[in-house]
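Please keep the sequence and the model in view while reading.

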Amino acid sequence: MGESFDVVTKCMSFTLNEQFMEKFVDPGNHNSGIDLLRTYLWRCQFLLPFVSLGLMCFGALIGLCACICRSLYPTIATGILHLLAGLCTLGSVSCYVAGIELLHQKLGLPENVSGEFGWSFCLACVSAPLQFMASALFIWAAHTNRKEYTLMKAYRVA
């Protein structure tokens with residue numbers, strides 16, 4: 001017969017080492033083997049927001065340099081960094097949803113628990129499209145200003 005175990009339904013905080021622990025094929029059974037898909041999905045959904053944040057901060061520094069240097073090329077780089085940050089945020093949300101769905105397939109929800117996503121998940125879902133829009137605006141602005149700059153240069157030569 002199948003083993004029964006009690007599901008703990010209280011929130012617990014994990015240390016950094018516990019965030020990167022392997023997930024097992026049968027949750028709670030360390031002898032069942034490592035579930036590589038859930039392990040790497042969990043690690044990605046933990047690391048990708050930090051990569052996204054780093055890209056956004058680096059993009060802000062490049063944007064500041066673009067303002068100081070009055071050059072258009074750093075603006076394109078800032079747009080590309082925003083695009084990559086949006087992809088990281090979208091990847092993080094996707095990894096989280098896939099990991100939760102795989103876990104629910106293995107365990108199912110306890111009786112007193114509702115399986116709804118929280119406010120932070122909704123915030124992440126909103127932030128990815130906003131990062132893509134910021135990227136598009138930076139790239140569009142750099143492209144538009146380059147054309148105007150070229151026309152202005154041609155006018156001065158004429």
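## A residue of helix H3

Ile80 lies in helix H3, where helices are DSSP runs of H or I with at least four residues, numbered from the N terminus. Ile80 is partly exposed, with a relative accessible area of 41%; buried means under 20%, exposed over 50% and partly exposed in between, with a 1.4 Å probe and protein chains only.

The model is predicted, so local features need pLDDT of at least 70 and side-chain atom pairs count only at pLDDT 80 or more, while totals for chains, interfaces and linings use all residues. Residues are numbered from 1 along each chain as its sequence is written, and side-chain values use heavy atoms, with hydrogens and water left out.

Gln45 is placed in helix H2 (residues 36-69) and is buried, with a relative accessible area of 15%. Apart from neighbours within four places in sequence, Gln45 is in contact (heavy atoms within 4.5 Å) with Ser92, Cys95 and Tyr96.

## Aromatic rings

The whole structure holds 4 aromatic pairs, meaning rings of Phe, Tyr and Trp (its six-membered ring) with centres within 6.5 Å, called stacked when the planes are under 30 degrees apart, edge-to-face over 60 and tilted for the rest. The rings of Tyr96 and Phe121 are tilted, because their centres are 5.9 Å apart and their planes stand at 45°. This pair links distant parts of the chain, with Tyr96 in helix H3 and Phe121 in helix H4, 25 residues apart. Phe117 and Phe121 form a stacked pair, 4.1 Å centre to centre with 20° between the planes.

Ring pairs thus join Tyr96, Phe117 and Phe121 into a cluster, in which Phe121 is buried at 15% relative accessible area, whereas Phe117 is partly exposed at 38%.

Key: Helices (H or I, at least four residues) and strands (E, at least two) are DSSP runs, numbered from the N terminus.
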